[in-house]
Amino acid sequence: MSSSLEPDTEFTQSGSVPLQSGSGVGANIEIDEHQGDREDIDSSIGSGLSSSTTSVSSSVFCFTYANGRRYHSDRFKKGQYFMPNDEAEQERLDLYHHIFLSLLGGKLYTAPLDHPQRVLDVGTGTGLWAIDFADEHEEAEVIGTDLSPIQPSWVPPNVRFEVDDMEEDWNFPNNYFDYIHMRSMSGSFADWDRVLQQAYDACAPGGYVEYQDYGCQMYRPDGTLVEGLECGDPLAEYFYHIVTAAERQGRPLLIAPGMKARMEKAGFVDVTAQTAIWPAGPWPKDKRLKEVGKWGLIGALDSLFPFVVYYLTKEGWSVDQVKVLCDRTANALHTNKYYTLGWFVYGRKPIAKK
C-alpha cells in the first residue's frame, strides 16, 4: 500500500526532507535510473564489524566488554542499553546526528518552542544535540543524561552532562523543563509508559516532549514493507531476528509507530506525529533524498553488527553466525534499494485550569 509523497506538514528550511503525517505507511519514491548502486559510496565500507544521578566517578568508567566492543558500566540496576559506547559507536552517533539534521534541514526539533529556559536531552550520547541546542539557545539551561560519560569536556557554559539511568526514578523537580528531547532511543527502555509518565511529570505546563527516531522497518521504493522470513530478503531476515529477539528480552524496538498513542496516554495534548523518508543509498531521484541516502547507507552499514550482536548472542548465536547475517544484509543494502522512516513525535503538557 502506498501514499503520496506530498507532505501534510512541510518545513520551509531549504534542503529539508518533506515531513508527512505519521501514519507509518510506505511511500512511492521515484528512482534515479542513472544512479549507480554504489556511486559516491566507498566500496571499502564494511558492515560495522569493525540508580541515581552521579558525577563522573571511577565506577562509571568501569566499562564492560563483549563481542569485541565496549559497553556502558554494569553499575546501573536497570540500564541495559544494547549498543556499545566505544570510539566506533561515537563516530556512528555523530553521523546519525548529521542525518537527523539533514532530514530537518538543519533544525534540531519540530516542536513549536518559544524561548525554552530549561531543556533535558535524554540519552544524549556524545552530546552533540545538547551542545548544538545550547549554542542556538544561549538563554537556556541544557542538561544531557546518558549511561556513559562519553561527552566532551569543552562545552558551552549553559550545558552540562550527567551520568544517569532514566529507567530509574528521575531526580528532577516536577514541572521543571520547558522541553524534553529523546532521540534514537528504540530498544533503550523496558517500560516506555513509565518513562513517558516521568517525562510528563518533569515537563512544565505548556512545555513539550519530543521523540525522534528511525522506524526499525524497511521499505522498497514502491512503498512495500520488507518483512517476514518468507519473502527471502536478507534485510527482512535481519530485522525479523533483531526485532523478535529484542521483544523477547523486554526491550522492544518497534516503538516509533505507537509513540503518538503512548504520549496521549501519558496525558500530553496536541500530539503530532510526522515522518520523513530516510533512504539507505543514493538511489532516489530527488536531490535531497539522494544526499540523505548517501549518509544513510553508511550509517546502516556501520550499524548492522552492533545493532544485533548484543541481542542475538544472548539467544545462542555465535559471533560468527551474527557476522554471516550482517554480511548478507550488507550485500543486500549495496545491491537493492530500501528506505526507512524517520519519526518525529511531540506533545504538549496542558496548562492546568485555574
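Good morning. The model is predicted, so local features need pLDDT of at least 70 and side-chain atom pairs count only at pLDDT 80 or more, while totals for chains, interfaces and linings use all residues. Residues are numbered from 1 along each chain as its sequence is written, and side-chain values use heavy atoms, with hydrogens and water left out.

I begin with two helices. Helices (H or I, at least four residues) and strands (E, at least two) are DSSP runs, numbered from the N terminus. Two packed helices are described by the angle between their axes and the distance between the axes. Here, helix 4 (residues 234-248) and helix 6 (residues 287-313) have axes that come within 9 Å and cross at roughly 40 degrees. Axes are lines fitted to C-alpha atoms, for helices over the stretch in contact, with angles from 0 to 180 degrees between N-to-C directions. Helix 4 is therefore oblique to helix 6; angles under 35 degrees count as roughly parallel, over 145 as roughly antiparallel, 65 to 115 as roughly perpendicular, and the rest as oblique.

Which residues meet? From helix 4, Tyr 238, His 241, Ile 242, Ala 245 and Ala 246 meet Ser 303, Leu 304, Phe 307, Val 308, Tyr 311 and Leu 312 of helix 6, where contact means heavy atoms within 4.5 Å. By class, this contact of helix 4 with helix 6 has nine nonpolar, two polar and no charged residues. Ala, Val, Leu, Ile, Met, Phe, Trp, Tyr, Cys and Pro count as nonpolar, Asp, Glu, Lys and Arg as charged, and the others, Gly among them, as polar.

I turn to the aromatic residues. The whole structure holds 21 aromatic pairs. Rings of Phe, Tyr and Trp (its six-membered ring) pair if their centres lie within 6.5 Å; planes under 30 degrees apart count as stacked, over 60 as edge-to-face and the rest as tilted. One of the pairs, Trp 129 with Tyr 179, is tilted, at 6.1 Å centre to centre and 45 degrees between the planes. Trp 129 belongs to helix 2 (residues 128-136) and Tyr 179 to strand 7 (residues 177-183), 50 residues apart. Both Trp 129 and Tyr 179 are buried; buried means under 20% relative accessible area, exposed over 50%, and partly exposed in between (1.4 Å probe, protein chains only).

A further pair, Tyr 214 and Trp 278, is edge-to-face, with 6.0 Å between centres and 80 degrees between the planes. Because Tyr 214 lies in strand 8 (residues 203-214) and Trp 278 in strand 11 (residues 269-279), the pair ties together parts that are 64 residues apart in sequence. Tyr 214 and Trp 278 are each buried. They also belong to one aromatic cluster with Tyr 96, Phe 100, Phe 307 and Phe 344.

Next come two loop residues. Most residues other than glycine have a negative phi. His 115, however, has a positive phi of about 50 degrees; it lies in the loop between helix 1 (87-103) and strand 4 (118-122). His 115 is exposed, at 58% relative accessible area. Asn 175 has a positive phi near 55 degrees, sits in the loop between strand 6 (159-163) and strand 7, and is partly exposed at 42% relative accessibility.

Is Phe 189 buried or exposed? At 4% relative accessibility, Phe 189 counts as buried. Leaving aside neighbours within four places in sequence, the contacts of Phe 189 include Val 122, Met 166 and Pro 252.
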